[in-house]
Amino acid sequence: MSSLQNVPCPFCGLGCDDLMLHARGAAFTVVSGACPRSLAGFARAFDKPDARVRGQPASTASALAEAVTVLGGARQPIFTGLATDVAGVRSVLALARQCDGMLDHLHGAGGLQGVLALQSSGGMTTTLAEVRNRADLVILVGSSGEDVAPRFRERVLSHPRHEHAGTSPRRVFVLGPQGLPADADSDPAVEWRHLACTAADLPYAVGALRCLVDGRSLDPRAGENLPMDGLGALAARIPEASYGAIVWGGELIPGGHGDLLLEAIQTLLQDLNAESRWGGLAIGGGEGGATMEEACTWNTGYAGRIRFRSGEAIYEPRLLDAARMLERGEADCMVWVGGLEGDHSPPAPDVPSIVLAPPDVPLGREPEVYLPVGIPGIDHSGTGVRCDHVVSLPLRQLRKDGPPPASQMLDRINEGLGGRGVSAC
Ligand code: SF4
């Protein structure tokens, strides 16, 4: 049995690069550095499947030709999923530019929250390494950390700080409906405290904390549903902290108002930085979300949710919601670009669709064109971006003879439409 050391993991935004794998035929067992997502992800193996056109096996060439016909006939195609590596994002941008397409990542709503908050109130950010090495007080908002990135506690919160940053247990306040880890009471590295409130009350809780930190009085009615005792205890700890971090993850408030919560968090961070060092960190970015945001920004100036018109990128963050647009018939073709979609499946829209996904991804409806693509970091090498947006993770090819990268298929469709594929440049 062959072993692979220090393998980077592509399956969430934490970007762990310390995994040890054992090969079992075409699949892999994670024997060190495992979490539920990596165990499931590296265990995936499939035969080399055929492409399909309307459910019938087809050669790759004829499926690509049909994809060119379908996409060439669309006026408002939307590219979604976008769970791919940097090369895949570059290729999908080139193709969308060629056919006046629209783009929205499968976690577009969550990513949008952070971008909108940054636009309106600015942002003070930190990195995973800074939180791990320096933060003696961490406020987790709307997430336990592990629900978004399973090894966040092990790799960051429970990891010893740099010696000069102190050796006392790290204080972690978890604000929101999610509970504490089952063994929180016996964790020697972290002093946990849960401040329970609903997701809808999170903005009010952050606002109340800001009042307490500023020493302003709060109307008692405003705190009726809030954990005021716990918020008071947290406010008392804040002046003692030498380095603090506020961490959040995922789509904080379903329904599209998470940007208001993030604005409240960023405003609080600005206040706290007047006296001490504080930073904010989003630990989302899974399913290639951070990769999409970064590569899209390098290439267009926008982090996502754009449409192309005559080669120009137009930023429409609230309008370009792929799920809503497909439901309302505001797009006339869907292109799903996957590889890292994990448990997420392509929608089954009433419009023609082209799906690029690994063979084991369940499809709700047989698309007009199905093209098998590989998993970045297993079937082919590539680059992913970590959730703190400061590290690009080189992904390795671990097995041969799997399906091709999404970027290769996208480039060939682009060439069929008269454009120029990125990888051919
Ligand atoms: S926490 Fe994320 S990056 Fe780390 S091993 Fe698990 S899925 Fe992979």
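A nonpolar core is a set of buried Ala, Val, Leu, Ile, Met, Phe, Trp, Tyr and Cys residues joined through side-chain atoms within 4.5 Å. Buried means under 20% relative accessible area, exposed means over 50%, and partly exposed lies in between (1.4 Å probe, protein chains only). This is a predicted model, in which local features need pLDDT of at least 70 and side-chain atom pairs count only at pLDDT 80 or more, while totals for chains, interfaces and linings use all residues. Residues are numbered from 1 along each chain as its sequence is written, and side-chain values use heavy atoms, with hydrogens and water left out.

**Stop 1: the cores**

Select Phe-42, Leu-140 and Phe-152, the residues with the most contacts inside the largest nonpolar core, which has 38 residues. At least two residues of this core come from each of β2 (19-24), β3 (27-32), α5 (128-134), β8 (137-141), α6 (152-157), β9 (170-175), β10 (190-195) and β11 (243-248). Helices (H or I, at least four residues) and strands (E, at least two) are DSSP runs, numbered from the N terminus. Domain 1 (49-107 + 287-424) and domain 2 (111-282) each give this core at least three residues.

Stay on Phe-152 and show what surrounds this residue. Leaving aside residues up to four places away in sequence, Phe-152 touches Leu-14, Leu-128, Leu-140, Gly-145, Leu-157, Val-247 and Ile-283; contact here means heavy atoms within 4.5 Å. Then select Ala-51, Ala-58, Leu-103 and Cys-333, which are among the 37 residues of a second, separate core.

**Stop 2: between the domains**

Colour the protein chain by its division into domain 1 (49-107 + 287-424) and domain 2 (111-282); the bounds come from an automatic or database domain assignment. The C-alpha centres of the two domains lie 34 Å apart. Eleven residues of domain 1 are in contact with twelve residues of domain 2.

About 870 Å² is buried between domain 1 and domain 2, and carbon and sulfur atoms give 58% of that area. Buried area is the accessible area (1.4 Å probe) that two parts lose on being put together, summed over both. On the domain 1 side, select Tyr-315, Arg-318 and Asp-388: these residues lose the most area to domain 2, together 45% of what that side buries.

Three residue pairs are in polar contact between the domains, with both residues at pLDDT 80 or more. A polar contact is a pair of N or O atoms within 3.5 Å; within protein, one must be able to donate a hydrogen and the other to accept it, and residues adjacent in sequence count only if both atoms are side-chain atoms. The count of salt bridges between domain 1 and domain 2 is one, a salt bridge being a side-chain nitrogen of Lys or Arg within 4 Å of a carboxyl oxygen of Asp or Glu.

Zoom in on Arg-318 and Asp-259, whose side chains meet in a salt bridge (3.0 Å, N to O). This pair links distant parts of the chain, 59 residues apart: Arg-318 is in the loop between β14 (312-315) and α11 (322-327), and Asp-259 is in helix α9 (residues 258-272). Asp-259 is buried, with a relative accessible area of 6%.

**Stop 3: other salt bridges**

The count of salt bridges comes to 25. Select Asp-379 and Arg-399, a salt bridge whose closest N and O atoms are 2.7 Å apart. Asp-379 is in the loop between β17 (369-372) and β18 (382-385), and Arg-399, 20 residues away, is in the loop between β19 (392-395) and α12 (406-416). Asp-379 is buried at 3% relative accessible area, and Arg-399 also counts as buried, at 11%.

Next, go to the salt bridge between Asp-219 and Arg-221 (2.7 Å, N to O). Asp-219 is partly exposed, with a relative accessible area of 37%, and Arg-221 is exposed, at 62%. Then select Asp-17, Asp-18, Arg-151, Glu-154 and Arg-155, which are linked in a network of salt bridges.

**Stop 4**

Show the buried residues of α12: Ala-406, Ser-407, Met-409, Leu-410, Asp-411, Ile-413 and Asn-414. Their cover includes α2 (60-72), α3 (86-98), β15 (333-337), β16 (353-357) and β17. After α12 comes Gly-418, with a positive phi near 95 degrees.

Finish with Arg-54, in the loop between β4 (51-53) and β5 (56-58), and Arg-305, in the loop between α10 (289-300) and β13 (306-309). Arg-54 has a positive phi of about 50 degrees although it is not a glycine, and Arg-305 likewise has a positive phi of about 50 degrees. Arg-305 is buried, with a relative accessible area of 7%.
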